[in-house]
Amino acid sequence: MRVLRGEALMAKEVKDFKEVNKGLTEENAVLEALRCMNCVIPHCVKGCPVGIDIPGFILKVAEKDFEGAAAVIKADNMLPAICGRVCPQESQCEGECILAKKEKPVAIGALERYVADREREHGMKLPEVAAPTGKHVAVVGSGPAGLTAAAELARFGHKVTVFESLHEAGGVLTYGIPEFRLPKAIVKAEIEQVKALGVEIRLNHLVGRSVTVEELLGYDAVFLGTGAGLPYFMGIEGENLNGVYSANEFLTRVNLMHANCFPEFDTPVKRGCKAVVVGGGNVAMDAARVARRLGAAVTLVYRRREDDLPARAVEVKNAHEEGVEFLCCANPVRVVGETAVEGVECVRMEMCEADESGRPKPTCIEGSEFTLEADVFIEAIGQGPNPLLVSMIPGLERERRGNLVVDEDGQTTVARVYAAGDAATGAATVIWAMGSAKSAAAAIDKALKEE
Amino acid sequence: MYQVEEATQLSENVYQIWVHAPQVARHARAGQFLIIRVDETGERIPLTISATKGDSVRVIYMTVGKTTELLATKKEGDVLSDVVGPLGTPSEIKNYGTVVVIGGGVGIASTPIIAREAKEAGNHVIGIIGARNKDLLILEDEMEEVCDELFITTDDGSKGVHGFASTVLEDLLKERKIDCVWIVGPAIMMKVTSRVTIPYKVKTFVSLNPIMVDGTGMCGSCRVTVGGETKFACVDGPEFDAHQVDFDSLMQRQRMYTDEEQEAREHFHHHDHHGGCGCCGGKH
Ligand SMILES: Cc1cc2nc3c(=O)[nH]c(=O)nc-3n(C[C@H](O)[C@H](O)[C@H](O)COP(=O)(O)OP(=O)(O)OC[C@H]3O[C@@H](n4cnc5c(N)ncnc54)[C@H](O)[C@@H]3O)c2cc1C
Ligand SMILES: Cc1cc2nc3c(=O)[nH]c(=O)nc-3n(C[C@H](O)[C@H](O)[C@H](O)COP(=O)(O)OP(=O)(O)OC[C@H]3O[C@@H](n4cnc5c(N)ncnc54)[C@H](O)[C@@H]3O)c2cc1C
Ligand code: SF4
Ligand code: SF4
Ligand code: FES
């Protein structure tokens with residue numbers, strides 16, 4: 001067990017929400033591109049869920065044809081500036097790169113980001129749009145899945161209306177992933193691109209309420225990209241004390257509502273002096289790093305070992321550098337306080353024999369209770385699909401965990417209704433959401449054209 | 001952008017506005033609410049849908065802090081950045097027999113729409129509306145029109161029965177068979193009033209008003225304890241079985257941001273812009 005107390009005290013102060021990882025310079029981008037060997041069988045492409053022609057675009061970067069490079073990427077990925085930043089490249093494209101085994105893989109993500117950023121700064125080019133087909137498709141949700149499906153369908157010539165319940169489009173890209181990892185100006189610019197293809201985005205429309213199920217099923221086809229936005233709670237004592245947040249709420253208050261700028265912005269958030277975050281994924285890292293920026297000393301409690309952390313290695317590293325203290329092999333059992341959080345009681349965990357997932361099972365050590373002082377407690381233990389709309393559509397089947405049942409084309413158990421992204425796969429990644437949305441859009445197009 | 005079509009002051013600190021919001025107005029049912037964000041830097045605040053007319057919807061609100069005070073400055077022709085709804089599960093309306101619909105203070109805003117739907121479902125509808133004094137009573141005419149019987153109470157006796165809605169309710173329960181009760185008002189009023197129906201085992205609904213953010217089941221800010229279970233008021237409610245609700249926890253959570261609310265209000269009145277946060281792009 002590694003408990004990193006002490007180190008946190010030496011960490012630099014982090015206050016601003018400016019992007020942490022700076023991009024490549026032109027010179028570095030070209031040098032990096034020259035490292036690519038243009039493999040005849042490029043393994044990297046197999047690692048990319050949307051199958052970008054990676055050697056193709058990298059070759060153009062090496063030739064300094066940045067516009068050409070952007071066009072190659074855009075053929076498969078409408079949101080490259082976002083993916084270049086948030087894709088878990090180490091386990092996708094870069095993980096498969098032939099150079100990964102020898103030295104370091106080609107920095108595919110950073111190159112993709114460079115090309116996309118440069119294109120945005122020099123004026124973006126839109127892909128061609130086919131002649132109107134006269135078909136009208138409804139897309140529910142404007143996260144990466146909904147935006148991708150909308151862009152693809154618009155390119156095929158279909159009329160597309162996207163419904164989004166929040167007052168801003170983007171889904172998790174807007175309300176979940178913080179500014180310092182994904183600047184919102186970039187998300188907005190990429191959304192503008194989708195709109196420029198003729199897609200209409202209707203904000204403040206909660207489908208199932210503002211738009212009825214009958215109205216929805218009146219469209220020629222429906223794409224559900226409603227995501228996995230339902231926060232899970234641990235179900236422990238004291239969870240309703242003031243100062244206890246789901247990571248979703250904490251991050252939404254800051255990212256969507258700008259509570260970090262309170263009172264210039266009206267939405268408040270408890271900044272806390274001592275924040276405890278429970279969880280070990282990307283969401284937990286984001287919550288911890290946001291809490292640090294709001295000025296709290298942050299302890300992240302995770303029930304397994306540090307090596308088991310499911311978050312991306314780079315996020316864990318950044319969290320460490322920003323002074324987040326990691327308390328692994330521990331688990332909260334009770335939130336202590338009168339009306340507000342005063343502490344979080346935890347137990348120590350030990351690793352037992354492997355469970356179904358092949359990982360050792362954490363079990364609590366009897367009598368090992370201890371209490372961490374805290375005034376804010378954030379739970380980042382996972383999210384499930386939001387049941388609101390899907391439970392209202394007759395015949396729409398869901399599996400045990402609430403994910404929509406779909407075939408490889410994203411077709412649900414209801415005719416003309418397709419789904420992709422987190423709503424179908426459970427909480428996954430931006431690029432998986434986009435990849436599955438792209439296949440669903442192709443299937444919708446095929447079905448509509450066959451009619 | 002959503003246009004304000006009519007704005008009126010109803011009493012000292014209670015206002016009513018009609019807003020053009022077709023997607024809300026066309027589908028709204030009794031017991032549902034909407035969320036308003038007044039402007040680009042605003043908070044999302046939930047308000048009950050009090051009436052609809054064509055593509056417009058009415059809300060009635062009390063000025064209690066920054067956002068409601070800002071809303072009160074909006075006049076006919078002004079616009080609100082965002083309106084989303086209808087949110088929440090509609091009231092469980094059916095033919096119960098005799099029902100009582102109680103509104104306390106600004107909670108009266110919710111009652112005409114519930115009373116009307118209950119009436120349309122075939123119920124004999126008794127209304128009770130109560131306020132601190134006669135100047136704070138609202139929607140008396142509307143309730144008069146839709147209810148079969150209407151009782152008025154004031155804490156100071158300036159109009160109607162001198163006392164609380166709970167007293168009138170208790171008398172009604174003693175003298176005849178009541179099949180269902182709705183109570184909408186401040187948490188403490190709902191807590192006290194709903195206790196009255198326990199011995200009579202009458203189904204009683206209350207409309208809970210915890211702090212909300214998205215209103216779509218995504219954040220958990222609105223969680224309340226009902227029958228020992230955690231529920232999200234914005235999607236599972238806002239109406240719940242009163243006898244199962246943990247009102248003390250609700251009231252405690254409503255006070256979560258007392259200090260911040262005070263700060264927001266002071267900031268609003270002094271309007272001193274600190275700047276430098278970068279969020280508003282220096283526009284304000
Ligand atoms: C904090 C956080 C950090 C993450 N970090 C990463 C990362 O670094 N890299 C990565 O690849 N992935 C990351 N993920 C996961 C990734 O964001 C998701 O897998 C991805 O956003 C899923 O996309 P989606 O379009 O399916 O759903 P979402 O992005 O969840 O979008 C769904 C949208 O649908 C809307 N909606 C839902 N129901 C309705 C309805 N009935 N009517 C209208 N609108 C509705 C919602 O408001 C939302 O805007 C992270 C997730 C979180 C929460
Ligand atoms: C489902 C529902 C229906 C409601 N209907 C009405 C109504 O018809 N008329 C009416 O006058 N009020 C209603 N409210 C309460 C109303 O939302 C609050 O009065 C309003 O948010 C106060 O905002 P403020 O900035 O003016 O005040 P603040 O100074 O921010 O807060 C004053 C009080 O309002 C509560 N509050 C603050 N922010 C929120 C929020 N985001 N969500 C919910 N409550 C909050 C706090 O508990 C606090 O005690 C309703 C609340 C809910 C949940
Ligand atoms: S989209 Fe993601 S996985 Fe595909 S090449 Fe880009 S960074 Fe790699
Ligand atoms: S596997 Fe690596 S070296 Fe080969 S083409 Fe892909 S990025 Fe270039
Ligand atoms: S207000 Fe966010 S879940 Fe109810």
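Author: Let's start with polar contacts: across the interface of chain A and chain B there are 28 residue pairs of this kind, both residues being at pLDDT 80 or more. A polar contact is a pair of N or O atoms within 3.5 Å; within protein, one must be able to donate a hydrogen and the other to accept it, and residues adjacent in sequence count only if both atoms are side-chain atoms.

Before we go on, some ground rules. This is a predicted model, where local features need pLDDT of at least 70 and side-chain atom pairs count only at pLDDT 80 or more, while totals for chains, interfaces and linings use all residues. Residues are numbered from 1 along each chain as its sequence is written, chains are lettered from A and ligands numbered from 1 in the order in which they are written, and side-chain values use heavy atoms, with hydrogens and water left out.

Back to the interface. Salt bridges (a side-chain nitrogen of Lys or Arg within 4 Å of a carboxyl oxygen of Asp or Glu) number two between chain A and chain B. A:Asp266 makes one with B:Lys66, and their closest N and O atoms are 2.7 Å apart.

Which elements of chain A take part? Helices (H or I, at least four residues) and strands (E, at least two) are DSSP runs, numbered from the N terminus. Helix 14 of chain A gives the largest share, four residues. Sorted by class, this side of chain A has 19 nonpolar, 18 polar and eight charged residues. Here Ala, Val, Leu, Ile, Met, Phe, Trp, Tyr, Cys and Pro count as nonpolar, Asp, Glu, Lys and Arg as charged, and the others, Gly among them, as polar.

Now for the totals. Counting contacts (heavy atoms within 4.5 Å), 45 residues of chain A meet 53 residues of chain B. The two chains bury about 4100 Å² between them, with 55% of it on carbon and sulfur atoms. Buried area is the accessible area (1.4 Å probe) that two parts lose on being put together, summed over both.

Let's zoom in on B:Ser81, in the loop between strand 7 (79–80) and strand 8 (82–87) of chain B. Is B:Ser81 buried or exposed? B:Ser81 counts as buried because its relative accessible area is 9%; buried means under 20%, exposed over 50%, and partly exposed in between (1.4 Å probe, protein chains only). Leaving aside neighbours within four places in sequence, B:Ser81 is in contact with A:Asn204 and, in chain B, with residues including B:Met1, B:Tyr2 and B:Arg37.

Over in chain A, the loop between helix 14 and strand 7 (274–278) holds A:Pro263. The peptide bond from A:Phe262 to A:Pro263 is cis, with omega near 5°. Chain B has a cis bond too, joining B:Gly237 and B:Pro238, where omega is about 10°. B:Pro238 sits in the loop between helix 7 (233–236) and strand 17 (239–241) of chain B.

One more stop in chain B: helix 8 (residues 247–254) is mostly covered, with six of its eight residues buried. Among them are B:Phe247, B:Leu250 and B:Met251. Their cover includes helix 6 (187–195), strand 14 (203–207) and strand 15 (223–226) of chain B.
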